[in-house]
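I opened my notebook to look up a few contacts in this chain. Here is what I went through, entry by entry.

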Amino acid sequence: MKGKRLFRLSGRLVPASGEPIAMELTATETGSIHLLKLTRSRRNGQDVWAATMKTKAEVLDFQAKAGGNLLLKLSGPLAATLENGGSSTGWSGEIRARFDGISE
């Protein structure tokens with residue numbers, strides 16, 4: 001996207017209790033979410049959640065350089081495809097990340 005810096009995060013969210021959740025996030029420095037997918041493995045498959053148009057990302061710190069920091073505040077609804085059908089849920093929290101590298 002011309003004139004906008006994008007970042008991509010992938011990793012695992014580890015809750016205080018329960019199974020880890022794989023996360024993929026692509027967004028702009030202004031907080032526009034292009035992809036947000038959360039996946040948790042289950043015995044017979046997996047649960048998958050995705051951002052909706054109302055899911056919000058607020059970029060609190062963005063240092064676009066190798067070793068630079070990223071701090072995000074995320075909140076809002078998520079659409080879910082669960083083993084027994086679809087549903088929706090909400091979430092909120094902060095994610096801190098450090099960039100391994102930067103592509104120009």
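Entry 1: I settled my terms before looking: buried means under 20% relative accessible area, exposed means over 50%, and partly exposed is in between. The model I am reading is a predicted one. I started with arginine 5, whose relative accessible area is 41%, so I noted arginine 5 as partly exposed. Its partner in a salt bridge is glutamate 29, with 2.7 Å between the closest N and O atoms. Arginine 5 sits in the segment before β1 and glutamate 29 in the loop between β2 (21-28) and β3, so this pair ties together parts that are 24 residues apart in sequence. I put glutamate 29 down as partly exposed because its relative accessibility is 26%.

**Entry 2: the other salt bridges.** How many salt bridges does a search of the whole structure find? I got 3. One of them joins arginine 8 and glutamate 24, and there the closest N and O atoms are 3.8 Å apart. Arginine 8 is in strand β1 and glutamate 24 in strand β2, so the pair ties together parts 16 residues apart in sequence. Arginine 8 has 52% relative accessibility and therefore counts as exposed. Glutamate 24, at 30%, counts as partly exposed. I also found aspartate 47 in a salt bridge with arginine 40, again listed with 3.8 Å between the closest N and O atoms. Are aspartate 47 and arginine 40 buried or exposed? I noted both as buried.

**Entry 3: the hairpin.** Next I followed strand β3 (residues 33-42) into strand β4 (residues 45-51), and found them paired in the antiparallel sense over 6 bridges. The hairpin that joins β3 to β4 runs through 2 residues. I looked up serine 41 too, and its bridge partner in β4 is glutamine 46.

**Entry 4: the rings.** I then searched the whole structure for aromatic pairs and came away with 2. Phenylalanine 7 and phenylalanine 62 make a tilted pair, 5.6 Å centre to centre with 50° between the planes. This pair links distant parts of the chain, from strand β1 (residues 6-13) to strand β5 (residues 56-62), 55 residues apart. Phenylalanine 62 also pairs with phenylalanine 99, edge-to-face, at 5.8 Å centre to centre and 75° between the planes. Phenylalanine 99 lies in the segment after β7 (85-98), 37 residues from phenylalanine 62. I have phenylalanine 7 and phenylalanine 62 down as buried, and phenylalanine 99 as buried as well.

How values were computed:
Residues numbered from 1 in each chain as written. Predicted model: local features only at pLDDT ≥ 70, side-chain atom pairs only at ≥ 80, totals over all residues. Heavy atoms only, no water. Pairing = 2+ DSSP bridges. Helix = DSSP H or I, 4+ residues; strand = E, 2+ residues; numbered from the N terminus. Phe/Tyr/Trp six-rings, centres within 6.5 Å; stacked < 30°, edge-to-face > 60°. Buried < 20%, exposed > 50% of the residue type's maximum accessible area, 1.4 Å probe, protein only. Salt bridge = Lys/Arg side-chain N within 4 Å of Asp/Glu carboxyl O.
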